[in-house]
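Here are my notes for when you have the model open. Keep it on screen and go through the points in order.

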Amino acid sequence: MLVKLFGNARFYVLILSVFAASSIFLLVRNIEPQGQQQVVKLTQYYAFSAIIFLYFALLIGPVTKVLAAIPVRLKSQLIHVRRPLGVSAFFFAILHASFAFFGQLGGLSGLFFLSEKYLFAISLSFTALVILSLMAATSFDFMIQKLGYGRWKALHRFVYLAAILIVTHALLLGTHFADISALIPQICLIALVVLLFFEALAIDLYVKNRYKILPKFGFGFVVFLIISVVAIFYQLSSGSNSNGGGGFGIHSQHILLAQQAQNPTSTLSTSLQNVPGLTGDRTKRFTVSFNHSDQIAANLDTNLSFQIFDAASGNQIQIFDVVYEKTMHLVIVDEGLDYYNHIHPTQDSKEFSITTQFPHDGVYHLYTDFQPKGAIEQQIGFTLRVGSSNQELRSNHTPDINLTKMFGDYEVTLTKPDNLNATDLAVGKQPLKFTFRDAKTKEPLTNLKPYLAAFGHLVMINSDTLDYIHVHPTNIKPPRADATGGPDVEFLPLGLYGPIKPGIYRVFGQFNPNGNLMVADFTVEVK
């Protein structure tokens, strides 16, 4: 019995699935900090695993029918493993659903915080999961005998419906599918084309065998060609709208939203559906409870924690989207706007927390940046006193005359319009560009590494009003982890939450040349 079991290909597929699931869990536990980010990564990796197993379960059928050169014995073995591949797809789908529902969503109570789009996408995935569960439950020989091969085969045809529902779910909610020109969507598109190609040939082969007078390349292949041509044109148009792959097509939607934000009575465009950080209900409002020690001393560890609530219902929020690889960004500046720190509290249970230090006594300003599921990106600020001094200082920075500065081993030049105008700045008419050179050789730097899914991050803070502007890079398409950039990084300030106010602004740019994380700061005037 054991010899028969261990010689069975199905056994090895199922063992591989358990081993892969365990390895993914241990890997994520090892490389990701505890908290919500860990749950997010596990949810994503298990989703990808489910799709991979389901894909090969679907691909084996048409491939073995179309490719006559495959030996009969190998065909038999391939067909033999389709069922355990389907069971493995269900296994990973269950893991994905469990981490998403109980880990990210927080159970049934979390459903009440989701928009109609998310509820629709979840209903599709739930239907697909039910179908996969029926496939898995009837994937054993005794179930085939009990149902009869004809009924069993008809039941398992629903796996195609499950696949369609899963693809739709991924397109609606998958963070990796917000930009279809990115690497993962491109791989998925190629894989889908390959599957459709073999399915089309298999259909034509079936029709030809039944109706001998029909041509070898028939209706199925023609449909495949039409779908492929449409997909190619759609991809090309997406690429042309993205400024050569730079993502400016999506950024143009940011500009449209900024223009509408200047007029509070304007109606938002329905075209703003896939803008990173801005996909969601703009009318939702939130409050943040900021907790810390009563007495905080400089240069000592201080624990900060944040709890987020729905302002309308008072219910605590536990489900957040990932924005630039993190669920919360925290920017800390001192009252003179000299000190700058960009850190990332981690979510554990119902709150975000982090331990940090403050370099000197005085007043500090803290800006939290997060995006609750179903809403747009939120930015909420706080003030914190460190030490016992009651003296309050204000920023005395004046606009820089020389916009080329040395920061360690790097020479950084800020290029901007001669006169920054608040109205033009708010609607995306005045970009800011940082240019990097080696401080000694003056050679342009081309070794900028990605940091938090971008080649640069920029914050502007008004020295009078302390208004905070998180400036998106012009190229908002996330670069590959091994990509390099430079010597130029361009940003486009926008008034996404309302008008930009005139004043003196401290500009803090964060970059990663050759893995050496640095901050380049300038002072500019906006009239």
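1. Let's start with a term you'll need. A salt bridge here is a side-chain nitrogen of Lys or Arg within 4 Å of a carboxyl oxygen of Asp or Glu. Keep in mind that you're looking at a predicted model. Searching the whole structure with that rule turns up 6 salt bridges.

2. One of them pairs Lys373 with Asp321, whose side chains come to 2.6 Å, N to O. Have a look at where the partners sit: Lys373 is in the loop between strand E7 (362-370) and strand E8 (378-386), while Asp321 is in the loop between strand E2 (302-310) and strand E3 (328-334), so the bridge ties together parts that are 52 residues apart in sequence.

3. Lys442 counts as partly exposed at 39% relative accessibility, whereas Glu411 counts as buried at 10%.

4. A further salt bridge joins the side chains of Asp400 and Lys405, at 3.1 Å, N to O. Asp400 is partly exposed, with a relative accessible area of 23%. Lys405 also counts as partly exposed, at 21% relative accessibility.

5. Stay with Lys442 for a moment, since its backbone deserves a look as well. Most residues other than glycine have a negative phi, and most peptide bonds are trans. Lys442 has a positive phi, near 65°. Leu452 has a positive phi as well, near 55°. Leu452 is found in the loop between E11 and E12, and Lys442 is placed in the loop between strand E11 (432-438) and strand E12 (457-462). Leu452 counts as buried, at 7% relative accessibility.

6. Where is there a cis peptide bond? One joins Gly486 and Pro487, with omega at about 0°. Pro487 is in the loop between strand E13 (468-471) and strand E14 (488-491).

7. Strand E12 contains Asn462. This residue is buried, with a relative accessible area of 0%. What is Asn462 in contact with, leaving aside its neighbours within four places in sequence? The list is Asp467, Lys501, Pro502, Gly503, Ile504 and Tyr505.

8. Compare that with Arg285, in the loop between helix H12 (248-261) and strand E1 (286-291). Arg285 counts as exposed, at 52% relative accessibility. Beyond its neighbours within four places in sequence, Arg285 is in contact with Phe309, Asp310, Ala311 and Ala312. Arg285 and Ala311 are 26 residues apart in sequence, yet their C-alpha atoms are 5.4 Å apart in space.

9. Now for the helices. Helix H4 (residues 72-80) and helix H5 (residues 82-104) pack at an angle of about 25°, with their axes 4 Å apart. Angles under 35 degrees count as roughly parallel, and H4 and H5 are therefore roughly parallel to each other. Leu78, Ile79 and His80 of H4 make the contact with Arg82, Arg83 and Pro84 of H5.

10. Helix H10 (residues 183-210) holds Leu196, which counts as partly exposed at 32% relative accessibility. Leu196 and Leu59 are 137 residues apart in sequence, and 9.0 Å apart in space from C-alpha to C-alpha.

11. Phe126 lies in helix H6 (residues 116-137) and is exposed, with a relative accessible area of 55%.

12. Finally, zoom out. The chain has 13 helices and 16 strands, and 46% of its 527 residues count as buried. Among contacts with a separation of 6 or more, 68% are between residues 24 or more positions apart. The chain exposes about 27000 Å², with carbon and sulfur atoms supplying 61% of it.

Note on methods:
Residues are numbered from 1 along each chain as its sequence is written. This is a predicted model: local features need pLDDT of at least 70, side-chain atom pairs count only at pLDDT 80 or more; totals for chains, interfaces and linings use all residues. Side-chain values use heavy atoms; hydrogens and water are left out. Helices (H or I, at least four residues) and strands (E, at least two) are DSSP runs, numbered from the N terminus. Buried means under 20% relative accessible area, exposed over 50%, partly exposed in between (1.4 Å probe, protein chains only). Axes are lines fitted to C-alpha atoms, for helices over the stretch in contact, and angles run from 0 to 180 degrees between N-to-C directions. Angles under 35 degrees count as roughly parallel, over 145 as roughly antiparallel, 65 to 115 as roughly perpendicular and the rest as oblique. Contact means heavy atoms within 4.5 Å. Accessible areas come from the Shrake-Rupley method with a 1.4 Å probe; for residues, only the protein chains shown count as cover.
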